[in-house]
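I set out to record what I looked up in this model, entry by entry.

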Amino acid sequence: LKNPFKVKNGHLKINDALVSLSDITSFTPILEEMPVYPQFAASPTGFDAQMDLVEGKLNLSELFLTQKQKFKLSLHGFAEHPFEPSSAAGQMELILSDISTPWIKELLPGTGIDSLLSDTTDLMLSASISDRFNSPEIVAQLSTNLGLIDLSGHLYFENRAYYLNSQFGGIHLGSILDIPGLGTFTGSAKIEGSGLSAETVDSKLELLIDSISYNGYTYTQTTIDGTLKPGEYDLILLANDPAFRSTLSLNLLQNDSLFTANASGTLFAQLHSLNFVKDTISVATDLSATLAKKPNALETGLSLQETKLTSPSDSAMLQNVAASFRTDTSKTSLTGEGDFFTLDIQVDKSIHEMDGFATSYGNYLRTFVDSSNLLAEKRVTELSGINASCKITNHEVLDILFRDTSLYISDLNFLILNEPANQMVRYEIEGSNINYGIARLGEF
């Protein structure tokens, strides 16, 4: 065993053994660079094997690795020069079954996998590894009750490189992501580069979306190309669907505790075909969006330029629409401005504290019904500090959007002012010429 090169023939059978997978890294250090391997190897592993060595060729009749209530791995095949890592070659067939989805969630903390897999998800992985083992060709299939993924390509362990192709068949994205209206996804992907972790990745990605359904419409002819580098991802989306066309650039940057995202491009959508509106309306716009997230703060922005809405009878143009949202540990703000409106909302609470917003208003209103309520004397202090105002004026875009509702607005203004420290509330609403159906409202 100290000099396995001298062993030419032999037979080995192991039953009901327990091994430590972490010890294998002494012989194959690259395993330590794989993100999940330390957790994978943390528990003792059941080991059964039967193999024969004939004139230096290893025939693996069976090999089983099991971790109780976690997984079962079976392996069989052959290897030439098995004790010479630089020249070892052969073919191995692998099946990973009895996979526990709760264990998978524990294995990949912080990846969002807990929201992607339910505890009832069925998983099975089968794979074939051939050619030289330090640069093998792989063919694999991941089958689940939520879809099928086929994978093929090459891995190059010496320089941590890879070239992989994937096929996705009937992936139930709506069930996986728990998004109502989102259906199945079919497509393919290619990734080429190096690096086995987020800190070392340097790759190019090509994703082809053959079909993906949402809200009763199936989108087609969409591609995403990108480059992945440590802390920075650059993506370009090209959509040429009959009812949805877009060219969009996206940059994602992670720098210590700061995450930023920036997007810009063009968009055209037939809103009626996509089942967003009943009337025949299409929209075309140039857009840009930003997001910046820190541990205790979030800021987003959206800008639309030269937005054109078109219906069978007329069209309208919005020169500019801009909106921003900010929140930190003490306050939240939402502002917006466009051709026909202005909006400014300031709240003296973080977005994470908004869950008590409805409760405080409920307590406030109950004091008017029950004057003996202990909170009656300080009812305003129950409320959050708010300074909100909005102004809407008539615009031809509104005529197109609300045509099927017969809603018409000439002018509408409102103001909400809560000052708990000064025991003051002030609510104002005014407008003119607001019509809905047969209802008519002049100045008020």
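Which residues have the most contacts inside the largest nonpolar core? I noted first that this is a predicted model, in which local features need pLDDT of at least 70 and side-chain atom pairs count only at pLDDT 80 or more, while totals for chains, interfaces and linings use all residues. Residues are numbered from 1 along each chain as its sequence is written, and side-chain values use heavy atoms, with hydrogens and water left out.

**Entry: cores.** I found F185, I212 and L274 to have the most contacts inside the largest nonpolar core, which has 29 residues. A nonpolar core is a set of buried (under 20% relative accessible area, 1.4 Å probe, protein chains only) Ala, Val, Leu, Ile, Met, Phe, Trp, Tyr and Cys residues joined through side-chain atoms within 4.5 Å. Among the elements that each supply at least two residues of this core are strand 9 (161–172), strand 10 (182–194) and helix 6 (396–401); helices (H or I, at least four residues) and strands (E, at least two) are DSSP runs numbered from the N terminus. I also recorded a second, separate core of 25 residues, which includes L53, A79, M92 and I99.

I then listed the contacts (heavy atoms within 4.5 Å) of F185. Beyond four places in sequence, F185 touches residues including F168, I171, L207 and I212.

**Entry: second largest pocket.** I read a volume of about 300 Å³ for this pocket. I212, Y219, T222, L237 and F244 are the closest to its centre of the 16 residues that line it. Strand 11 gives the largest share of the lining, four residues.

For the search, a 1 Å grid over the protein atoms alone was used: a pocket is an open set of points with protein on both sides within 12 Å along at least five of seven lines, a cavity is a set where a 1.4 Å probe fits but cannot get out, and lining residues have an atom within 4 Å of a point.

**Entry: largest cavity.** I noted a volume of about 40 Å³. The lining consists of N394, L398, D399, F402, L407, Y408 and I409, and strand 23 (407–419) gives the most to it, with three residues.

**Entry: N251.** I located N251 in strand 15 (residues 244–255), where N251 is buried, with a relative accessible area of 19%. Its side chain makes polar contacts (N or O atoms within 3.5 Å, one able to donate a hydrogen and the other to accept it) of 3.0 Å with the side chain of E232 and of 2.6 Å with that of D234.

Note on methods: Buried < 20%, exposed > 50% of the residue type's maximum accessible area, 1.4 Å probe, protein only. Points joined across faces, edges and corners; volume = space filled by probe spheres on them.
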